[in-house]
Amino acid sequence: MDCLFCAIIAGDVPSRQIYADDHAVAFLDIAPWHRGHSLVIPRRHVVDVLEEGPALIDIAPAIQTTSRLLMDRLGADGLNMVMNNRAVAGQEVFHLHVHLVPRYSEHPGMRALFRPDPAAGSDLDALHAHLTGAV
Ligand code: 5GP
Ligand code: ZN
């Protein structure tokens, strides 16, 4: 199966992992909308939340733990959880994922959520080190 996120889980494609447990992995999004934008994915291949089976509940602890990590370490003021299911909804990678998007008071509100920000992606290695405690 040709799946980018399965390749990330397998370690065949590099990612900046910030959290992992038995069911899920969280890593920094390569093209963040806001500083700290991360993805939480199940270890097993599930296409989307509409598929049969309890995929979302498996990754719920990882979603909560990663959300708290991002909030605490980045001093964010809030956080969006976004999930795109199927192409018409904007899904581009067909392995279930939840976007965790830390939000900051200078760019408030839903309309400013999807705001691809090159500046937020310019220091991903430093951000990764900060979130994983390496610095
Ligand atoms: P979707 O549109 O499917 O909900 O979101 C897919 C997300 O995956 C996008 O935000 C995109 O930036 C991210 N993404 C795509 N390819 C890669 C990659 O190779 N590494 C990482 N870390 N994120 C990726
Ligand atoms: Zn997959």
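Which residues of helix 3 (residues 124-131) are buried? The legends below take that up, then turn to ligand 1. This is a predicted model, where local features need pLDDT of at least 70, side-chain atom pairs count only at pLDDT 80 or more, and totals for chains, interfaces and linings use all residues. Residues are numbered from 1 along each chain as its sequence is written, chains are lettered from A and ligands numbered from 1 in written order, and side-chain values use heavy atoms, leaving out hydrogens and water.

**View 1. The buried side of helix 3.** Leu 124, Leu 127, Ala 129 and Leu 131 are the buried ones (under 20% relative accessible area, 1.4 Å probe, protein chains only). Helices here are DSSP runs of H or I with at least four residues, and strands are E runs of at least two, numbered from the N terminus. Among the elements covering those buried residues are strand 1 (17-20), strand 2 (24-28) and helix 2 (55-74), with contact meaning heavy atoms within 4.5 Å.

**View 2. Polar atoms facing ligand 1.** Look for ligand oxygen atoms 2.9 Å from a side-chain N or O atom of Asn 84, 2.9 Å from a backbone N or O atom of Gly 90, and 3.0 Å from a polar backbone atom of Val 93.

Key: Buried means under 20% relative accessible area, exposed over 50%, partly exposed in between (1.4 Å probe, protein chains only). A polar contact is a pair of N or O atoms within 3.5 Å; within protein, one must be able to donate a hydrogen and the other to accept it, and residues adjacent in sequence count only if both atoms are side-chain atoms.
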